[in-house]
Amino acid sequence: MKNNRLLLIMGALISVALIVSIFVVYNYKNNQVNSASNEQPKSTETNKSTEQDSSTTEKTDTTPETTEKPEQQPDENGYLPNQTLPTEPTYIKGILLANKIYPLPSTFAPEENPEARQALNQMLEAAKQQGFDLVAFSGYRSFEYQTTLYNNYVNRDGQAAADRYSARPGYSEHQTGLAFDIGERGKEDVWLTEEFGETPAGQWLFAHAQEYGFILRFPQNKEEITGYMYESWHYRYVGKDVAKEIAKQSITLEEYLGVK
């Protein structure tokens, strides 16, 4: 009887020992699997990050450089060959520009600018107080009128000569309504000549035009920049601040705007 009980107890102990062993082995293996599983996302995350970095680097390295197209060179008269007139006028730094490179639309017809006319009247009145009877004998010109005027000059002097002192249709500052040809009454013989700039009236105008927002548009020794010969009589309204800055630096409108 005692032997049977002893056998039962020993059998029970062995069974418990086996169960414990199985449980320990199972937990160990499960922990190993979990440990390996927990490390996998970190590895994947690192790989994704590496792939992203590699992709970014490749995009940066393979992006082609942007190169500017070479500018078309003006012809011997300063105009771009085969250029067509635009549909909109060009404004740079808020200033309307019209020259041999930046023409105006043929339909652009603003008439005379009221602000420019008011400034002009103030300037002419100031000149009169100094004894100079100045007059603006030419102001706004339509596209059609400039066409007639230019063609007449070409017929008289030839195109090469006309291009030095007269704008082709669509390229004239007079079409902006901001430009005026100025002379002194009683001295019409020097209108439209360089000699006007040497007269006391012309010298006063050159010295004080900036105070009223005007600049001498085509100064001496600047033909390569402006495209036109020296015109002591042609003044353009740009506003007081801009006019004073241009006069201070002794530059042209093209140089102030950073164009040619």
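The side chains of arginine 117 and glutamate 112 come together in a salt bridge of 2.8 Å, N to O, where a salt bridge is a side-chain nitrogen of Lys or Arg within 4 Å of a carboxyl oxygen of Asp or Glu. This is a predicted model, in which local features need pLDDT of at least 70 and side-chain atom pairs count only at pLDDT 80 or more, while totals for chains, interfaces and linings use all residues. Residues are numbered from 1 along each chain as its sequence is written, and side-chain values use heavy atoms, with hydrogens and water left out.

Both partners of this opening pair are partly exposed: arginine 117 has a relative accessible area of 27%, and glutamate 112 stands at 28%. Here buried means under 20% relative accessible area, exposed means over 50%, and partly exposed lies in between, with a 1.4 Å probe and protein chains only.

The protein chain has 8 helices and 6 strands, and helices (H or I, at least four residues) and strands (E, at least two) are DSSP runs, numbered from the N terminus. Read from the N terminus on, the elements follow the order α-β-β-α-β-α-α-β-α-β-α-β-α-α. Of the 260 residues, 37% count as buried, and the chain exposes about 16600 Å², of which carbon and sulfur atoms supply 52%; these areas come from the Shrake-Rupley method with a 1.4 Å probe, and for residues only the protein chains shown count as cover. Among the contacts (heavy atoms within 4.5 Å) with a separation of 6 or more, 67% are between residues 24 or more positions apart.

The interior can be followed through its nonpolar cores, a nonpolar core being a set of buried Ala, Val, Leu, Ile, Met, Phe, Trp, Tyr and Cys residues joined through side-chain atoms within 4.5 Å. The largest nonpolar core has 29 residues, and those that touch the most other members are Met123, Leu134, Ile182, Trp204, Leu205 and Phe214. Two or more residues of this core come from each of α2 (114-129), β4, α5 (200-208), β5 and β6 (231-237), and α2 gives the most, with 7 residues. Leucine 134, when residues up to four places away in sequence are not counted, touches Leu124, Ala127, Ile182, Gly183, Glu184, Arg185, Phe196, Ala201, Trp204 and Leu205. A second, separate core has 12 residues, including Ile92, Val238, Ala243 and Leu253.

Charged side chains form a further theme. Side chains of opposite charge can pair when their charged atoms come close. A search of the whole structure finds 11 salt bridges. One of them joins arginine 217 and glutamate 173 at 2.6 Å, N to O. This pair links distant parts of the chain, with arginine 217 in strand β5 and glutamate 173 in the loop between α4 (159-165) and β4 (179-184), 44 residues apart. Arginine 217 and glutamate 173 are both buried, and they belong to a network of salt bridges that also links Arg236 and Glu254. Elsewhere, aspartate 157 forms a salt bridge with arginine 156, their closest N and O atoms being 3.0 Å apart; aspartate 157 is partly exposed, with a relative accessible area of 37%, whereas arginine 156 is exposed at 57%.

Aspartate 163, in helix α4, is buried, with a relative accessible area of 1%. Its side chain makes a polar contact of 2.7 Å with the side chain of tyrosine 150, and another of 3.2 Å joins the side chains of aspartate 163 and asparagine 77; a polar contact is a pair of N or O atoms within 3.5 Å, where within protein one must be able to donate a hydrogen and the other to accept it, and residues adjacent in sequence count only if both atoms are side-chain atoms. Not counting residues up to four places away in sequence, aspartate 163 touches Asn77, Tyr79, Lys100, Tyr150, Arg168, Gly227 and Tyr228.

Some exposed residues complete the tour. Lysine 93, in the loop between β1 (90-92) and β2 (95-97), has a positive phi of about 55 degrees although it is not a glycine, and lysine 93 is exposed, with a relative accessible area of 59%. Asparagine 221, in the loop between β5 (214-218) and α6 (223-226), has a positive phi near 60 degrees, in a residue other than glycine, and is exposed at 80%. Lysine 248, in helix α7 (residues 240-249), is exposed, with a relative accessible area of 69%.
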